[in-house]
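Let's walk through this model together, one neighbourhood at a time. Keep the structure open beside you as you read.

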Amino acid sequence: MAMKLCREMYGQARTLGITVSELLAQENPSEEANLDAFEFALMKQDINLRKHTVERFYRTQDDIYLFPEFINRNVRIGLAGLTAIDLTLEDVVATETTIDSGVYDTFKAVYDEKKLDFSRIAEGGMFPSVSITSAKNSVRLAKIGLKLNASYEVLRRMKLPLFAAHLQLIGQRIAKRNVAFAMYNINNGDGNDNAAPATEATPLSYSKLLEFYLNMDRFAGTVFAAKKTEMSAILNLPEFQTPYIFKTAATGEFATPFGLPLKRFNWTESALGNNQITIVSKSAALELVKESGAELIETEKVIDKQLQDTVISNVIGFSRIFPDGAKVFTIGEDEE
């Protein structure tokens, strides 16, 4: 028997740690090959995403219950919709962990710094070791999002394609803030004295950047991250500019310093990343921690038409895996 559309399905999905779209796929599968379960539910309710307005979701009680997931789906599209040159969480996160609370107990691993000479270890000799222990301080998750300052009376006349576009742009904005939060944890640590090591300030040059790249020796760097001013400084180095000038002009692809992608992270509201170039090893830098069942939109407020001051957000935190899973190059003034 098909599950009835209701307010409680959001709580059920939250308990299972899945989206309402995924819950519908389990309980009310689509009967149309070209539609997923949520799209099929919309079709059954005669909701046309191309021509109707927001008001259409409030025609019947069953229609109302689909509206929060419409919002969530479009925000999720935006969260995954950064451009090819933008740094994303996928570039810097090694693994994801879902928890049931807002606090996460982290771990740290410490390797013996003994010289590895590959000589035969005598019977009874000591091997170098790695110690894995609980970290001193827990990681507290944060709510990253935006408040929607728009009343139902304003939004009800908006066409659904336009509203969807705005929601996707909100999702992109939250995605950029998520990345900025990740970069803050890389550069400053998660509260357990594990900030990424930083170089002394030095003028940017090919030789200095090469030295910085080669010093990433314990873990292989997988991406360079910088704000646009610092990206421009790298790409204007003659060693990176001349060989790529025609390729960049033809395809828009940037140089890949030492074979690594150079990605932009957008955080114009603060000094985070100013005069810095960060190299990250995806497998060793960060663990993403997410709250189980956390909703992007305040479901109850949406169902009850209380759209004014509704918050769209995600709840996340980051744990550093290894401090030197990322390193920071600090650009100083040119010497006179």
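Start where S21, L24 and A25 of helix α2 meet A37, F38 and A41 of helix α3; contact here means heavy atoms within 4.5 Å. The residues of this contact divide into five nonpolar, one polar and no charged. For that sorting, Ala, Val, Leu, Ile, Met, Phe, Trp, Tyr, Cys and Pro count as nonpolar, Asp, Glu, Lys and Arg as charged, and the others, Gly among them, as polar. Helix α2 spans residues 20–27 and helix α3 residues 37–44, and they pack at an angle of about 80 degrees with their axes 8 Å apart. The two helices are therefore roughly perpendicular to each other (angles under 35 degrees count as roughly parallel, over 145 as roughly antiparallel, 65 to 115 as roughly perpendicular and the rest as oblique). Axes are lines fitted to C-alpha atoms, for helices over the stretch in contact, and angles run from 0 to 180 degrees between N-to-C directions.

A word on what you are viewing: this is a predicted model, in which local features need pLDDT of at least 70 and side-chain atom pairs count only at pLDDT 80 or more, while totals for chains, interfaces and linings use all residues. Residues are numbered from 1 along each chain as its sequence is written, and side-chain values use heavy atoms, with hydrogens and water left out. Helices (H or I, at least four residues) and strands (E, at least two) are DSSP runs, numbered from the N terminus.

Now find the open sheet of four strands, with the order β8-β7-β9-β12 and mixed pairing; strands pair if DSSP finds at least two bridges between them. β8 (262–264) and β12 (326–330) stand at the edges with a single partner strand each, so one side of each has no neighbour in the sheet. β7 (residues 223–226) pairs with β8 in the parallel sense over three bridges, and F224 has L262 in β8 as its bridge partner. Helix α9 (residues 206–214) lies across β7, β9 (276–280) and β12, whereas helix α10 (residues 228–235) lies across β7, β8 and β9.

Helix α9 also brings us to the aromatic rings. The ring centres of Y213 and F258 are 4.9 Å apart and the planes are at 15 degrees, so the pair is stacked. Rings of Phe, Tyr and Trp (its six-membered ring) pair if their centres lie within 6.5 Å; planes under 30 degrees apart count as stacked, over 60 as edge-to-face and the rest as tilted. Y213 sits in helix α9 and F258 in the loop between α12 (245–251) and β8, 45 residues apart.
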